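I record each item in the order in which I looked it up.

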Amino acid sequence: MKKIRIGKIFLIVGIPLTVLLACSFAVNGWIRHDVKKNIIIAQQKYPGTAEESLISFLRDESNSFHDRTHIAIWSLRMLKSGKALPVLKGYYKDDPKGLACHDKHDQMLCQYGLHKAIVQIESRGQYSTSDLNK
């Protein structure tokens with residue numbers, strides 16, 4: 001009787017927990033891969049550390065607003081770049097929901113993306129890719 005209960009408990013708890021952990025590792029690997037890819041894109045154009053290259057990519061207005069948001073801002077957020085914080089705040093217009101840039105990402109930087117980056121860098125919480133910042 002106890003063997004059946006232990007088996008059921010394993011099925012109910014163990015398998016979902018294993019799947020959850022596997023998904024967590026997969027997402028972690030995917031984020032790290034994308035951050036590395038974005039750093040390479042930035043460093044091909046702007047030499048320096050990951051932070052320096054991504055900040056330069058963000059500041060260069062010849063890069064599209066979309067790329068500046070999705071390559072530079074997102075990656076600086078994932079790196080939790082304290083060095084980028086003043087730069088990000090300089091572009092932020094106190095629009096946490098991104099209402100000003102809704103359907104205008106080809107015309108301006110995503111305010112919601114900037115808000116998330118600033119909040120995450122200031123909190124220094126959750127996921128860290130700081131070891132990629134070389």
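Predicted model: local features only at pLDDT ≥ 70, side-chain atom pairs only at ≥ 80, totals over all residues.

Entry 1. I noted that the crossing of helix 3 with helix 5 is left-handed.

Entry 2. I then asked which residues of helix 3 meet helix 5. On the side of helix 3, I found Ile73, Leu76, Arg77 and Met78. On the side of helix 5, I listed Gly113, Leu114, Lys116, Ala117, Gln120 and Ile121. By class, the residues of this contact between helix 3 and helix 5 divide into 6 nonpolar, 2 polar and 2 charged.

Entry 3. I looked at helix 5 by itself. It covers residues 111-123, and at 1.5 Å a residue its 13 residues should span 18 Å; the end C-alpha atoms are 18 Å apart, which agrees. Its buried residues are Gln111, Gly113, Leu114, Ala117, Ile118, Gln120 and Ile121. I recorded that these buried residues pack against helix 3 and helix 4 (85-91).

Entry 4. I turned to helix 2 (residues 50-59) and helix 3 (residues 65-79), whose axes come within 9 Å and cross at roughly 150 degrees. Angles over 145 degrees count as roughly antiparallel, and helix 2 and helix 3 are therefore roughly antiparallel to each other. The crossing of helix 2 and helix 3 is left-handed.

Entry 5. I listed the residues where helix 2 and helix 3 meet. Helix 2 brings Ala50, Glu51, Leu54, Ile55, Phe57 and Leu58. Helix 3 brings Asp67, Arg68, Ile71, Ala72, Ile73, Ser75, Leu76 and Leu79. I noted 10 nonpolar, 1 polar and 3 charged residues in the contact of helix 2 with helix 3.

Entry 6. I checked for positive phi angles. Most residues other than glycine have a negative phi. Lysine 80 is not a glycine, yet its phi is positive, about 55 degrees. I found lysine 80 in the loop between helix 3 and helix 4. Is lysine 80 buried or exposed? It is buried, with a relative accessible area of 6%.

Entry 7. Aspartate 94, also not a glycine, has a positive phi of about 50 degrees. I located aspartate 94 in the loop between helix 4 and helix 5. Aspartate 94 is exposed, with a relative accessible area of 65%.

Entry 8. I ended at arginine 124, which follows helix 5 and has a positive phi, near 55 degrees.

Note on methods. Residues numbered from 1 in each chain as written. Heavy atoms only, no water. Axes fitted to C-alpha atoms, helices over the stretch in contact; angles between N-to-C directions. Helix = DSSP H or I, 4+ residues; strand = E, 2+ residues; numbered from the N terminus. Parallel < 35°, antiparallel > 145°, perpendicular 65-115°, else oblique. Left-handed = near helix turned anticlockwise from the far one by under 90°. Contact = heavy atoms within 4.5 Å. Nonpolar A, V, L, I, M, F, W, Y, C, P; charged D, E, K, R; others polar. Expected span 1.5 Å × (residues − 1). Buried < 20%, exposed > 50% of the residue type's maximum accessible area, 1.4 Å probe, protein only.
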